Amino acid sequence: MPKSLLEELPKIAAEGRREAQHILERINSGTRIGLQTNELVLPSKDISGLWRGELPSYALNGQWMNRLIYGDNLLTMQALLVGDEATGLPSLRGKVDLIYIDPPFDSKADYRTKINLPGIEIEQKPTVMEQYAYGDTWSDGTVSYLRMIYPRLLLMRELLSERGSIYVHIDWHVGAYVKLMLDDIFGKESFRNEIIWYYPNSGLKARSMKFHQVTDTLYYYAKSSGMFTFHHIFKKRKDGQSKQAKRKFNPITKKADMVRDENGKIVYQITDEVLENSLWEVASLTNNPIESVGYATQKPEALLERIIKASSNEGDLVCDFFGGSGTTAAVAERLGRRWITCDIGKPASLIMRKRFIDQGTKPFLYQSIGDYQKEVFGSNKLVRRVGDLSRIVMQLYGAIPFTEEQLNDRNWGYVKASRTLVLVDSPNKLTGTATLRRAYEARQTLLGGGWSEVVVLGWNFAFDVSEAIRQYDGEVKVLVIPPDLLDKLSKKGFDKLVREGSVRFSTLQYLVCKPVKAVPASEEEDNLVVELDNYILLSPDNIPLDDRDKPKLQQVIDRDPLALIEYWSIDPDYDGITFRSRWQDYRENTANDRDPLHCVYTAVLRVPRKPGRTVCVKAVDVFGFESMVVETMK
């Protein structure tokens with residue numbers, strides 16, 4: 001008979017403590033997880049067709065930078081505990097003033113993303129990285145979920161300052177179990193409130209054999225039971241609440257004015273505001289579509305505003321490690337707080353970046369985890385799992401894995417007849433410049449060198465991979481592992497896939513720009529004209545789609561390929577290290593062309609005249625794939 005959840009909890013807690021302790025010991029011993037800066041975003045969305053602005057160097061060191069991080073939050077928190085030397089970020093252990101998290105509630109949730117393209121609508125399945133994350137989270141139901149959340153909550157406690165607080169947003173699926181974990185991690189004496197979010201009028205539902213669910217729960221804990229930040233929140237008094245209180249000040253009021261009634265007696269007239277209690281009535285986005293950014297689990301800004309005002313001060317650092325639509329960071333920015341947010345979902349990261357640009361936030365960093373392959377798998381079980389998958393992929397490609405006697409790395413293999421070296425990257429790693437450099441060097445030296453070519457097979461790709469492909473053109477070949485391979489393996493099995501020969505490895509997508517022009521605008525300035533020319537997406541097989549949606553995508557590829565560009569940005573003075581995004585446009589930016597399904601494809605930037613300028617253009621397609629083009633002007 002399987003154990004009940006109550007019996008499993010002590011084991012889950014013990015495992016979670018060991019995992020967190022192992023992480024902290026690695027950090028203390030000098031093992032570091034780095035953050036890779038993909039983009040320094042200086043929000044300046046296109047609205048007029050002509051961009052004009054100063055081009056300061058905007059050094060990263062020496063000033064605070066808010067951060068949007070794409071990647072697993074467990075790794076993100078490890079990186080923040082270490083600090084980011086490249087951008088001048090010290091360790092944030094004990095430096096975070098407020099954490100709000102809204103983790104996934106239900107194992108049956110649909111993680112697909114709807115994408116509207118001209119004339120069609122398709123659904124994107126989760127990326128391979130997301131499939132691994134969601135699969136691990138729910139593989140054994142609630143037990144897996146609790147195993148996922150426990151070590152993360154422990155790391156959040158490490159990040160919180162002594163006056164810090166955490167709000168965990170949850171619902172009935174796992175709320176009671178998470179409450180026990182929070183008591184264990186933060187201490188029952190640090191528990192402040194169980195806040196009930198009531199979202200009335202959330203739409204008619206079909207009748208079922210239970211009451212309609214119109215509430216979520218937020219568990220509010222302080223890091224310390226004595227010296228935490230807290231400010232009372234006031235709300236407008238509803239009609240029907242008492243307007244007068246005789247003799248005594250009513251304790252639920254913000255203030256009271258002393259007046260005389262019609263008989264001349266002194267009374268206290270209560271103002272229109274009363275103290276907020278633990279029942280929060282805040283309308284959901286169903287009733288506020290203007291605020292919606294198209295993300296299924298987006299929370300209203302009014303909800304986060306209460307939390308941030310209550311438990312932080314201006315200038316404090318607010319973090320959200322399940323960033324989703326970016327509401328926490330957006331509200332923190334508006335209220336004068338610093339912020340860090342992260343998410344493992346590509347759609348979420350793209351939505352957040354556009355939302356912050358649209359809001360006109362202060363400059364922020366868009367980062368990712370620097371090296372998944374080295375750090376993401378801490379247990380032998382997971383190492384074996386990925387190592388076995390790498391060998392399966394290698395054999396489906398037609399390569400032979402090296403034996404352990406030949407090479408103690410399960411991700412390398414070779415094609416004997418053609419003397420081709422093959423590297424299979426991890427499904428939890430972003431294949432980018434560092435990987436291609438590693439492959440290039442291996443071709444020269446691995447097992448004596450002399451390989452005719454080297455092929456890199458990747459699942460997920462970093463922002464700089466397209467430029468790296470150009471850099472190593474003729475030396476390193478990059479191919480995409482089919483994103484639906486895991487599904488095919490589970491349904492058909494390895495042997496049947498080999499017999500069918502149905503697994504195809506495609507080349508990567510890439511962006512094409514027309515030559516950048518510098519048109520004199522004055523004695524000292526040029527108009528820099530940057531124009532997109534084409535976007536090459538060779539096959540819908542590269543994309544995690546259902547078979548029924550692949551012909552639809554092919555139609556767009558054939559007739560309107562640039563419609564696949566979701567977002568693009570320009571650094572007119574690229575230094576080869578940090579991409580400083582000084583101009584941006586994206587499909588929903590209708591202030592310039594009133595077309596929500598297309599970007600503008602030509603940008604004109606007024607810049608100081610400069611010989612030998614290097615211009616960098618980055619584009620992100622509707623599926624989250626990034627491409628980069630660099631041109632040094634004569």
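Begin with the charged side chains: a search of the whole structure finds 39 salt bridges, each defined as a side-chain nitrogen of Lys or Arg within 4 Å of a carboxyl oxygen of Asp or Glu. The model is a predicted one, in which local features need pLDDT of at least 70 and side-chain atom pairs count only at pLDDT 80 or more, while totals for chains, interfaces and linings use all residues. Residues are numbered from 1 along each chain as its sequence is written, and side-chain values use heavy atoms, with hydrogens and water left out.

Select Asp184 and Arg17, which form a salt bridge whose closest N and O atoms are 3.0 Å apart. This pair links distant parts of the chain, since Asp184 belongs to helix 5 (residues 175-186) and Arg17 to helix 1 (residues 5-28), 167 residues apart; helices here are DSSP runs of H or I with at least four residues, strands are runs of E with at least two, and both are numbered from the N terminus. Asp184 is partly exposed at a relative accessible area of 42%, and Arg17 is partly exposed at 40%. In these terms buried means under 20% relative accessible area, exposed over 50%, and partly exposed in between, with a 1.4 Å probe and protein chains only.

Next, select Arg438 and Asp409, whose side chains meet in a salt bridge of 3.2 Å, N to O. Here too the pair links distant parts of the chain: Arg438 is in helix 11 (residues 433-445), and Asp409 is in the loop between strand 19 (400-401) and strand 20 (412-415), 29 residues apart. Arg438 counts as partly exposed at 29% relative accessibility, and Asp409 counts as partly exposed at 23%.

Move on to Lys550, which forms a salt bridge with Asp547, the closest N and O atoms being 3.7 Å apart. Lys550 is buried, with a relative accessible area of 13%, whereas Asp547 counts as exposed at 59%. Then select Glu301, Glu305, Lys309, Arg334 and Arg355 together, as salt bridges that share partners join these residues into one network.

The largest cavity holds about 110 Å³ of space, where a volume is the space filled by probe spheres set on grid points joined across faces, edges and corners. To find this cavity, select Tyr70, Lys346, Tyr366, Gly624 and Glu626, the closest to its centre of the 14 residues that line it. Helix 8 (residues 346-359) gives the largest share of this lining, four residues. The lining of the largest cavity divides into eight nonpolar, three polar and three charged residues, where Ala, Val, Leu, Ile, Met, Phe, Trp, Tyr, Cys and Pro count as nonpolar, Asp, Glu, Lys and Arg as charged, and the others, Gly among them, as polar.

The second largest cavity contains about 90 Å³ of space. Select Trp459, Asn460, Pro483, Asn542 and Phe625, which are the closest to its centre of the 12 residues that line it; the whole lining of this second largest cavity divides into eight nonpolar, three polar and one charged.

Finally, show the whole chain, whose secondary structure comes to 16 helices and 35 strands. Buried residues make up 55% of its 634 residues.

Note on methods:
1 Å grid on protein atoms, 1.4 Å probe; cavity = no way out; pocket = protein on both sides within 12 Å on 5 of 7 lines; lining within 4 Å.
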